[in-house]
Amino acid sequence: MDYEFIEWYKLRLDIRADLLTVVEGVRRGANIELWKIGKHESQKLFASQKKLLEFCLNKLGLLFRIHNDDYYVSRSRLWLDKLWKREIKTGEFLGYPKCCIAGFEAGCKAVMEVGNNDKAPAIRYFRELETLINDEDFDMTVLYNQHVPCRLDCRKALKIAQKNRAVLEAHDVEAANYLRDDNLNLVYQFAYKYPKRETR
Ligand SMILES: [Zn+2]
């Protein structure tokens with residue numbers, strides 16, 4: 001697909017990374033939480049991004065359904081219908097591996113039961129990542145995931161990350177770098193917000 005048009009470049013990089021991996025067939029669905037821009041940033045930015053997003057969706061031949069400015073995007077009408085009829089879970093719609101969906105659910109359940117953030121999937125994952133990030137042979141490819149993998153060495157998640165990296169770097173280097181840097185920032189944000197408790 002050709003992404004050489006002005007509306008694409010005006011679209012935010014996080015949205016570009018989300019859409020591109022669907023257009024290029026790495027995954028079957030994406031969720032663009034556009035409402036967050038209106039809530040956390042500005043109504044003006046929200047309105048302009050909404051217009052650009054809908055233009056790009058049409059131009060790229062993507063189908064979508066909206067719920068409260070939450071966009072669910074896919075190349076397949078059937079896949080969107082399955083989500084709307086609740087025949088599939090959101091994680092499945094977004095193309096996350098089954099092991100990662102199960103890991104995420106188990107982690108969230110553990111947080112509720114134990115009341116301890118250490119079990120939270122994202123905290124656990126980014127902590128694991130932090131321990132490796134300064135290693136000389138650290139492979140940046142894991143930073144191209146668009147979900148929280150069940151484990152750092154989850155083979156399915158790694159395969160997706162490899163594909164994401166390849167299609168993003170081939171078609172939109174800015175969006176590729178954005179995704180990598182965003183995940184890298186999350187590692188440090190999580191380390192700061194949720195420091196490991198000393199175990200004595
Ligand atoms: Zn997994």
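Helix α2 (13-23) is largely enclosed by the rest of this predicted model, because eight of its 11 residues are buried, a residue being buried if 20 or more other C-beta atoms, placed from the backbone, lie within 10 Å of its own. Helices (H or I, at least four residues) and strands (E, at least two) are DSSP runs, numbered from the N terminus. Residues are numbered from 1 along each chain as its sequence is written. Because the model is predicted, local features need pLDDT of at least 70 and side-chain atom pairs count only at pLDDT 80 or more, while totals for chains, interfaces and linings use all residues.

**Surroundings of α2**

- The buried residues of α2 are I15, R16, A17, D18, L19, L20, T21 and V22.
- These buried residues pack against the helices α1 (6-10), α4 (43-59), α9 (155-171) and α10 (173-193), and also against the strands β1 (29-33) and β3 (70-74).
- Just after α2, G25 adopts a positive phi of about 80°.

**Domains and their contact**

- The protein chain is assigned domain 1 (1-94) and domain 2 (96-200), with bounds that come from an automatic or database domain assignment.
- Taken over C-alpha atoms, the centres of domain 1 and domain 2 are separated by 22 Å.
- Contact, which requires C-beta atoms placed from the backbone to lie within 7 Å, links 14 residues of domain 1 with 17 residues of domain 2.
- On the side of domain 1 that touches domain 2, α2 and α6 (90-93) each supply at least two residues, and α2 gives the most, with seven.

Terms used
Two residues are in contact if their C-beta atoms, placed from the backbone, lie within 7 Å. A residue is buried if 20 or more other C-beta atoms lie within 10 Å of its own, exposed if 12 or fewer, and partly exposed in between; C-beta atoms are placed from the backbone.
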